[in-house]
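This report looks at selected side chains in a single chain and at the contacts they make. Please keep the sequence and the coordinates open while reading.

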Amino acid sequence: MEYGIKFSQTHFLVKELLPLCESNDSEFKNLGLPLAVLDPYAVDFRYPGEDPTLEEAHLAVETASEVRRFVRTKLNLESQQELL
């Protein structure tokens, strides 16, 4: 529990996770659009039945990398090994 914020397990990045992050650091508002791109992947493609197109998959990976870089910078982890 960082900064006194209890994070629940959620699939709703924009609706639930982003407001918690923004309440601590307003720069997280910049993740609104990227997280909206990623939100459907939490459930829509997690279970059998639907598969993303190759283009959708590439966009999701690029977007997740963008979000990851932002968060790692906020946590002062940018100088650590890339796999961490």
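Which side chain of opposite charge is nearest to aspartate 39, and how far away is it?

## Basis of the values

This is a predicted model, in which local features need pLDDT of at least 70 and side-chain atom pairs count only at pLDDT 80 or more, while totals for chains, interfaces and linings use all residues. Residues are numbered from 1 along each chain as its sequence is written, and side-chain values use heavy atoms, with hydrogens and water left out.

## Aspartate 39

The nearest side chain of opposite charge is that of lysine 15, 9.2 Å away, where Lys and Arg count as positive and Asp and Glu as negative, with His and the chain ends not counted. Aspartate 39 is buried and has no salt bridge; buried means under 20% relative accessible area, exposed over 50% and partly exposed in between, with a 1.4 Å probe and protein chains only, and a salt bridge needs a side-chain nitrogen of Lys or Arg within 4 Å of a carboxyl oxygen of Asp or Glu.

Aspartate 39 is found in the loop between α2 and α3, the helices being DSSP runs (H or I, at least four residues) numbered from the N terminus. A polar atom of its side chain lies 3.4 Å from the backbone nitrogen of valine 14. Leaving aside neighbours within four places in sequence, aspartate 39 is in contact (heavy atoms within 4.5 Å) with His11, Phe12, Leu13 and Val14.

## Aromatic rings

Phenylalanine 28 and phenylalanine 70 form an edge-to-face aromatic pair, with 5.0 Å centre to centre and 85 degrees between the planes; rings of Phe, Tyr and Trp (its six-membered ring) pair if their centres lie within 6.5 Å, and planes under 30 degrees apart count as stacked, over 60 as edge-to-face and the rest as tilted. Phenylalanine 28 lies in the loop between α1 (13-24) and α2 (32-38) and phenylalanine 70 in helix α3 (residues 54-74), so the pair ties together parts that are 42 residues apart in sequence. Both phenylalanine 28 and phenylalanine 70 are buried.

Arginine 72, in helix α3, counts as buried at 8% relative accessibility, and a polar atom of its side chain lies 2.6 Å from the backbone oxygen of leucine 77.

Asparagine 76 lies in the segment after α3 and counts as exposed at 58% relative accessibility. Its phi is near 55 degrees, a positive value in a residue other than glycine.

Conventions. Helices (H or I, at least four residues) and strands (E, at least two) are DSSP runs, numbered from the N terminus. A polar contact is a pair of N or O atoms within 3.5 Å; within protein, one must be able to donate a hydrogen and the other to accept it, and residues adjacent in sequence count only if both atoms are side-chain atoms.
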